Amino acid sequence: MVDEASMEVIIEQIQSRLHDIDLFRENTARFFETHPDLTQPPQIVHSVKSRIKNLEHLREKIHRKSSTEDPITPENIFDRITDIAGVRVLHLCQSQFTQIHSAIKQKLDSQDWILYEQPKAYTWDPESQDFFASHDLNVEVKESLYTSIHYVIKPREDSPVSCEVQIRTLFEEVWGEIDHLVNYPEPTDSVFCKEQIGVLARLVGAGSRLADSIWRTYSDSSEK
């Protein structure tokens, strides 16, 4: 836990950078909303959401992530909490992720963005694990059945400003919204809800595979 006096100093430190963080969030979202390779027909990016984490949620997260052995301080706040700004990119089919990942890599190769840490793919599905690993992502199996790809980017290496970019399909977004409803900020105690969330995750997996199959069939027929 962080004492209240320290918390207020940390919040003041965040607020002093909030304009720069929000500007970077806005520019990051616009990149995905306007990139010609992602928005020209057939459109790869379905939609983009973005937000700045509200201060109450930030306070909760700082308390949750801070410990006596590894405290969060005004000096390390931007190293420890990297999702103050968040951008979520939604697409229809898992296979479309390849083009989104390629656009991100081009941005990184040009050093317009810098990676704060190695991107992670969270999933529970063995087939998805292989797919994400083929893109040189660190794959982490989530018992919670959560599926999403996370990048943490910065405008330059020495900047305190960062933005978390999440990439997921619309199916995964629906699952995530329902899971968030029943498991955030505290996990549900309902055994029935837990079982139903598990069933929904498997339906989402099946739906994603079917969507990919439809996309491949459509692409093949369009090329003939």
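Predicted model: local features only at pLDDT ≥ 70, side-chain atom pairs only at ≥ 80, totals over all residues.
Biologist: How is the lining of the second largest pocket divided among nonpolar, polar and charged residues?

Modeller: A pocket is an open set of points on a 1 Å grid where a 1.4 Å probe fits, with protein on both sides within 12 Å along at least five of seven lines; lining residues have an atom within 4 Å of a point. Here, six lining residues are nonpolar, seven polar and six charged. The pocket has 19 lining residues, with Gln-94, Asp-125, Ser-128, Gly-205 and Ser-208 nearest its centre. Helix H8 (191-223) is among the contributing elements and gives the largest share, seven residues.

Biologist: What is the volume of the largest pocket, and which residues lie nearest its centre?

Modeller: The volume is about 1600 Å³. Of its 45 lining residues, Lys-61, Asp-83, Tyr-146, Gln-166 and Tyr-184 lie nearest the centre. The lining comprises 13 nonpolar, twelve polar and 20 charged residues. Helix H7 contributes the most, with six; strands S1 (45-52) and S2 (85-91) are among the elements that each supply at least two.

Biologist: How many salt bridges are there, and which residue pairs with Lys-49?

Modeller: Side chains of opposite charge can pair when their charged atoms come close. The criterion is a side-chain nitrogen of Lys or Arg within 4 Å of a carboxyl oxygen of Asp or Glu, and the count comes to 14. Lys-49 pairs with Glu-173, their closest N and O atoms being 2.7 Å apart. This bridge links distant parts of the chain, from strand S1 to helix H7, 124 residues apart. Arg-88 also forms a salt bridge with Glu-173, at 3.1 Å between the closest N and O atoms. Since Arg-88 lies in strand S2 and Glu-173 in helix H7, that pair ties together parts 85 residues apart in sequence.

Biologist: Is Glu-173 buried or exposed?

Modeller: Relative accessible area (1.4 Å probe, protein chains only) under 20% is buried, over 50% exposed, and in between partly exposed. Glu-173 is buried, at 5%, whereas Lys-49 is partly exposed at 39% and Arg-88 is partly exposed at 21%.

Notes
Residues numbered from 1 in each chain as written. Heavy atoms only, no water. Points joined across faces, edges and corners; volume = space filled by probe spheres on them. Helix = DSSP H or I, 4+ residues; strand = E, 2+ residues; numbered from the N terminus. Nonpolar A, V, L, I, M, F, W, Y, C, P; charged D, E, K, R; others polar.
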